[in-house]
Each structure stands twice: as structure tokens, then as C-alpha cells.
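Hi,

Here is the structure I promised to send over. Have a look first, and my notes follow below.

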Amino acid sequence: MPVGEAMRRDQVLIRSIQFGFLAVLFGAWWFITHSTQSLALLLPRPELVWREMQVLWSSGRLWSAAVITLKEIVEAYAIAVVAGIAIGFFVARSRNLMRIFEPVLTGIFAIPLTLFFPLFVVFFGIGPDSKVAYAATYSFFPIALNTIAGFASVDELYLRAVRAMGASGLQQFRHVYLPGAMPVTLSGLRIGFFICIASVLGGETLAAAAGVGKSIALSAELMESARLYAWIAFVVLASVTLNLLALAAETRSERA
Amino acid sequence: MITIDRVSMTFVGADAARTVTALDDVSLTIGQGEFVCLLGPSGCGKSTLLAHIGGMLAPTAGSVTVDGALVQAPRPNDIAYVFQESTLLPWYTVLDNFRLALKFQGIDDASWRDRAMHALSAVDMTQFADHYPKQLSGGMKQRINLARGLCVDTKVLLLDEPFAALDEQTRMVLGEDLSILLARTGKTIVFVTHSLAEAVFLADRIVVMTARPGKVKAQIPVPHPHPRSPDFMLALEFGEIRNELYAILRDEIRATVARMRETRNAGG
């Protein structure tokens, strides 16, 4: 009981420091923008950003951009998950395939694939397709690599033991390979998800007809700094929410 | 009954230096309900021989039969295998591990829970049925591992240094429990160990193997009834057999050490 209580008090302390840090940042922002007007173009006052957020929200501009961006993210992620897990599992089935393909995948993933984004635009056009293809390609790698690592990390000892107990091939997969590979594979799915979001938004800021990233880039070009910050604030809020959801899902699957 | 008939095993390496003859023409008969310890220096092929009996590994020559049937693959209905380390699957509770072991064996009816709880109570671990392996100590895990081997109800139980990873006090207690437990089951047991005291305390017969390549060097009976109490360890008989074993093994241990030194020199 005292241990649990001490841990809870620890949690409260950690949370208050984290929120305190955010409050200090926010306070500094407010203080700087109210003590001088010379930064107005680079750093607008918080209340102006808040007003822009309300405008974007109520005018429907936020939603029309968000729908496009979200659709790209969902499509790209679905492609990356299916391809990454399928290829990762296929490669992990054989030591030789792993020796051939693992370094290749790691090597390609080490290249900043952003460099190839213009090629995606050339091939797939300025519309959503180029963003989907680019984000799917980029997030495919961490998913495939972690799936390989996950299946490779399954302890040979467990396999020998269940074989001695008479487990069939399917039973070995269901009760040893799959649960053994799960944690590492899941963390690959999470990394892939955030790379997917970053790639879609990044792609949109570089070349797109519409979407949240495009709106951010446009506000920056037009020097509408309050609006620019409002868009960014929405992306930050969405990312934080998604991260919390992903963490909750991961904890739950760990417990199951 | 287990019959090991002229079994040899050679692991072929990339070149002659890495090709290892683990077992050389080993023949052995183990009777119904007998407890046999395979004792020998490290690397003498005793675990390899156990893997042959369990059908986990095919010998390069010779054959193993259990009750007249040739062993060519794992035979979960006849033979249970307990490994050196805990092989409880970490993502399942203790009870689910038992359920799976029985399911793999083809027992998929309602009786599994009773059987699992019965086996757990035999090793005094029922209160940990719903724990995950990582919540248990090494000794507790190995206790449960043993119970799982007993629970599947095979005629033959193979134990590959099941206490090797445990501290001395834990292994002594487990050894005593095992003696009591196994006296009741009437299973045929082959137990691999490199501990002299463990072998004398548990076995009906000790098979001493030579350093690589492994051969049967001597067979020492331990004519003392089961279950054996800890007092047996203090008996004159116990000390005499252990000394006899040590005398037989000493040369083999020296041979192993010399070989290791040679390999190191050749390698360096």
C-alpha cells in the first residue's frame, strides 16, 4: 500500500513538472509578445492565434483541409501496414532471406526519402496520390524492419519446447511466433504511423493542391502568421491526441 | 523400455577441425520405471543423447526405440521433455501454459483444468496458477516446468539438467521434492546432469560417459529405495558411490580441460 501510494505521488509530481514546463513556455510566449510589437510577424500574440483557430473551425476551412489530409494518412498507412507486415513476415521466415533483405531495407531507410518526393509528384501528380504513395513508402520501412526483428527475436528454446510437446506448425505460429513477435512489431507500427503522418504533412507543404500541410505552407507564403500558428496548433493537438491513443492501445495489448 | 542401439552422432562443420563427433557407438537399455542419470563432463554428448531419445535430433548412425517403436520425431504422447531453462511461454499464465501443453498433446476436453491443478499441487504451486512466468523466481518456474512435464502423463520423462540454472540451495530442495514426486509416478526417467551428488541422490542407475566423443564408460547402480530422504546424503553408502563416481570421472574431466586448452591454443 505505501509503495503504491509513493508511486502515485511520484506520478503526480512528474505530471505537474510536465504541465509546469508547458505553462512556462506559454507564459514566455505571452510575455514576449506583449512586451514588444517588433516580433508580431514572426510570433503573433496567443489571443490572435486563438481567434484564428476559431475562424478556421467555424468557417469549415479546417474540416475541408483535414478530411483530405486524414484520408491520405489512412490510405498510406493501410498500404504500409499490409505491405510491411507481409514482407517482414516473409523475409523473417528464412535466415538467408533475412541476410539478404534486412541490410537492404535498413540501408534504404537510412536515406532521407524526402529527396525522392519530387519524383513521387512527377509520377503521381500534384493530387493526394503522390502524398499517399510517398507516405506509404516511407512508413513501410520501419514496419517491415520491426516485423523482421520481431519474428527473429522469438526464442528458439520455446520453439523446441512446444515441438517436443507436439505442437503443429499452425499451433507454433499461433502460440509462439505471433505473441513472441508482437511487442517489437507493434512498436514498428507506432513508429510507422508517425512517419506516415509526418510524410503526408511534409509532402503537402512541399507540393499539393489542398490539405492541412498545403494550408500551412500557404499561410507562411502570405505572411499570415496568426493563421499559420493556428494551423500548427491544430496539428499539434491532433498529434498529441493520437499519441495518447496509440500508447493506450499498446498498453492494452501488452496486458492482454 | 528405452533401447539405445549403437548410436553415433557427428556434427559436420565447415571443415575437419569443426566437425565434432559427439557420440560414438553408444548402446544402453533403460527399463520400465527406471530412473537413469546420464553423468559426464561438459561437452560429452549427454544432452545430445537425450535429444536422440526425445526425437528432437536424428543420430547419424544407430537407433533409439521406445517400447519397440522407433523414435524419429518428437512423440508427445510417450515422451515429455523438460529443458535446462524454463520454457514456460512468457505471454501466458501458468495455467494457460498447462492448458496448451495438454492441447498440443491432443487433450482438449474439460479435464485439463483438473489435471493442471493436480500437477501444480504436486509441486506445491497451486497459488501461482494465474501468475505470469516473469512474476516467479527461477526456482518456482523450474518447479512448474517440471510439473508441466509430469502433467502430460507420458511413460517417459526426459530431464536435461533441469536445475543447472538454479542456485545450490534451491536445487537441493527441488532434488528432494523430485525424488518423492517421481517415486510415486512410476515413469521411466532419464536425467542429464553434471552434478555427482544430484546423480547419486536421484538415480537408480548412473551412466557415466567419457569426454568427447561420448561413450559409456561405466554404469553404477544406486541400490537405495525411493523416495529418498535428505538423510541419504549423509549415509556412508552415498559418500562411497560419489567417491567412486569421482574416481571414474576425474580422468574424463582432465581430458576435457586438456582438450579445451588445446582448442584455445590452436585458435589463438
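This one is a predicted model, so please read the notes with that in mind.

Let's start in chain B. All five of the five residues in strand β7(B), residues 156-160, are buried, so the strand is largely enclosed by the rest of the structure. What covers its two faces? Side chains in a regular strand alternate between the two faces of the sheet. Here V156(B), L158(B) and D160(B) sit on one side and L157(B) and L159(B) on the other, and both sides are covered.

Now the neighbours. β7(B) pairs with strand β6 of chain B (residues 79-82) in the parallel sense, over four bridges. Between β7(B) and β8(B) comes helix α5 of chain B (residues 168-185), and the three make a right-handed β-α-β unit.

Helix α5(A), residues 117-124, packs on helix α6(A), residues 128-152, at an angle of about 135°, with the axes 8 Å apart. That angle makes α5(A) oblique to α6(A), and the crossing is right-handed. On the α5(A) side, the contact is made by F117(A), F120(A), V121(A) and F124(A). α6(A) contributes D129(A), S130(A), A133(A) and Y134(A).

Cheers

Conventions: Residues numbered from 1 in each chain as written. Chains lettered and ligands numbered in written order. Predicted model: local features only at pLDDT ≥ 70, side-chain atom pairs only at ≥ 80, totals over all residues. Buried ≥ 20, exposed ≤ 12 C-beta atoms within 10 Å, placed from the backbone. Helix = DSSP H or I, 4+ residues; strand = E, 2+ residues; numbered from the N terminus. Pairing = 2+ DSSP bridges. Right-handed = clockwise from strand over helix to strand, strands pointing away. Axes fitted to C-alpha atoms, helices over the stretch in contact; angles between N-to-C directions. Parallel < 35°, antiparallel > 145°, perpendicular 65-115°, else oblique. Left-handed = near helix turned anticlockwise from the far one by under 90°. Contact = placed C-beta atoms within 7 Å.
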